[in-house]
Amino acid sequence: MGDYEPTIIAFVCNWCTYTAADLAGTSRLVQPANVRMVRMMCTGMVDPKYIIKALLEGADAVLVSGCHPGDCHYINGNLKARRRMKLLKEILPKFGFDERRLKMTWIGASEGIDFAETVRQMTAEVKALGPNDLRTRMVL
Amino acid sequence: MSKIGKITVKDRDTVSSLQDFLKLLLQKGAVEAVLVQQRLAINNAVMPALITDIENLGQADPLAPAFALNGARMLSRLTRKPLDAPIAAVMRPCEIRAFVELVKLKQGSVDNVILISADCLGAYPNNDYAKVAGMGAGAESTLSFYRNIISGKGTAAQDADISPACKSCEHPAAVNADITIGLLGTNMEENLLLIANTPKGEKLLADLGVKVEDEPLDGRKSALDALVGERIEYRDRMFARTSEAVSSVEKLMGYLRACVNCHNCRVACPVCYCRECVFTTDVFDHEPAQYLRWAKRRGALKMPTDTVFFHLTRLAHMSAACIGCGQCSNACPNDVPVMELFRTVAHGVQGAFGYGAGASLEDEPPLSVFHEKEFCEVTGGHD
Ligand code: SF4
Ligand code: SF4
Ligand code: FES
């Protein structure tokens, strides 16, 4: 179980985490290649159905990462995103999705190290959880 | 002690005595129209109607154990722009709670509306109501429903019973109504209580010349507590059973296996608030080639697609606002027990946000407010 390579779909804010990820890349911080990045103008734009769809399509985990509270370029998009995450963390586990497959972080533009560390940790955690078998099964 | 007025029931005919009370609303000019369930001449069907002519109130039957649709949607149509004259809406407690949610979403207004609600002892599913109402002509079937309850025979009749949504409803008495018509804690074949819950309600009773007296409501309270207790017990068993039945995606797919994506459950839901549902837009008009790609990836693609996706997304939209009316199940052509599913999830969601859908106009809907310092567990304890 532990030796598969998980796929993490990351919805990241253009103004912070996306830049941090870029920084992590250019500074050659070691970083597993498991993340598929979706660049959003703000985490406030991450509709819950994107996350639901990602999981139903077989993503092993979803990361939403945006600006620290107070730093959102649209004032409070990140706070809205947090409530939506709270909502999904309540709904999806009812259907057996492990809560650890849903992660939210605040990672500022200069925090490349944090980004690398988040991804490393998440990858390890999701590896231990095993694959999301919806990837290969027919979903009604 | 509360200020209580009474409707004296003549000839044990609760329905016509209640009609007389509603007629008074129009006679005294207190309102311009009454939105209320009306018995249609055709096949004993019962539907909400907006009544302006006193004569027509002779067919009003708010107590009929029929619940064709959630009237909150109708009242929202009537109040989405300011009304120039007051109207009264006679609705079930769950219709009022749904309306409260819609008002908070700016899809309706309580200005110039007087909300009246009778204690609700339940209603049959739409398919069964026709059968049950066939028993007697007109309002006779309504009267026999209550007689059976009073005599201890219960609500089951003609192989049918009130819907699971009603059996599991812990709000049989409206809290947000201006006037509650009390059936509990009184002999409803002799008297109905008129309880004013708001200044608007008190004013209405005064305008109608209803005599109010200070009366203790102890009997009513114990009758209500007993009923609520029974329902919560049923509800909690339903929650446990449903949680178990959907505890994995595999099981959820089994639970929804008969769903054909007709979206009736969404149309019937009073709190599915989007003006246009994304699932009916071209976002879901997938490219023909896309279907083939999907099929190839997993070897087979169930069609129509996106069934589980639809229900999970719907839950993300309405679970904070679900008031448990059961109209989703009522509307499903394939008997998917959607009410049980939606209510079970909604209960958890509302608990997580400390919110009670429909409880008050003041509490802000969970997904429309947010604060800087809250739910820091979501981001691993960092805020
Ligand atoms: S989900 Fe079902 S029970 Fe809940 S409010 Fe909508 S129609 Fe009523
Ligand atoms: S009403 Fe029934 S069949 Fe139609 S979408 Fe809802 S669950 Fe599916
Ligand atoms: S702009 Fe980064 S989360 Fe809103």
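This is a predicted model: local features need pLDDT of at least 70, side-chain atom pairs count only at pLDDT 80 or more; totals for chains, interfaces and linings use all residues.
Where in chain B is Phe375(B) found? Phe375(B) sits in the segment after α14 (338-352) of chain B, where helices (H or I, at least four residues) and strands (E, at least two) are DSSP runs, numbered from the N terminus. We will come back to this residue after a walk through the rest.

Residues are numbered from 1 along each chain as its sequence is written, chains are lettered from A and ligands numbered from 1 in the order in which they are written, and side-chain values use heavy atoms, with hydrogens and water left out.

Let us start with the layout of chain B. Its domain assignment gives domain 1 (3-233) and domain 2 (246-379); such bounds come from an automatic or database domain assignment. The C-alpha centres of these two domains lie 30 Å apart. Across the boundary, 26 residues of domain 1 are in contact with 25 residues of domain 2, contact meaning heavy atoms within 4.5 Å.

Next comes the interior. A nonpolar core is a set of buried Ala, Val, Leu, Ile, Met, Phe, Trp, Tyr and Cys residues joined through side-chain atoms within 4.5 Å. Buried means under 20% relative accessible area, exposed over 50%, and partly exposed in between (1.4 Å probe, protein chains only). The largest core has 140 residues, and among those touching the most other members are Ile51(A), Leu56(A), Leu25(B) and Leu312(B). Apart from it lies another core, of 16 residues, including Ile8(A) and Phe115(A).

Now for the ligands. Around ligand 1 there are 13 residues, of which Cys269(B), Cys322(B), Cys325(B), Gly326(B) and Cys328(B) come nearest; a residue counts as near if one of its heavy atoms lies within 4 Å. Both α12 (307-318) and α13 (327-331) of chain B supply at least two residues of this shell. By class, the shell divides into nine nonpolar, three polar and one charged. Here Ala, Val, Leu, Ile, Met, Phe, Trp, Tyr, Cys and Pro count as nonpolar, Asp, Glu, Lys and Arg as charged, and the others, Gly among them, as polar.

Ligand 2 also has 13 residues around it, with Cys259(B), Cys262(B), His263(B), Cys265(B) and Cys332(B) nearest. Its shell has eight nonpolar, five polar and no charged residues. His263(B) lies in the loop between α9 and α10 of chain B and has a positive phi of about 65°. His263(B) counts as buried, because its relative accessibility is 10%.

Asn261(B) is found in the loop between α9 (249-255) and α10 (264-268). The side chain of Asn261(B) reaches the backbone oxygen of Thr305(B) at 2.7 Å. Among the residues that Asn261(B) touches is Pro304(B), found in the loop between α11 (288-298) and α12. The peptide bond from Met303(B) to Pro304(B) is cis, with omega near -5°.

Most residues other than glycine have a negative phi, and most peptide bonds are trans. That brings us back to Phe375(B), whose phi is near 45°, a positive value. Phe375(B) is counted as buried because its relative accessibility is 16%.

Technical notes
A polar contact is a pair of N or O atoms within 3.5 Å; within protein, one must be able to donate a hydrogen and the other to accept it, and residues adjacent in sequence count only if both atoms are side-chain atoms. Lists of a residue's contacts leave out its neighbours within four places in sequence.
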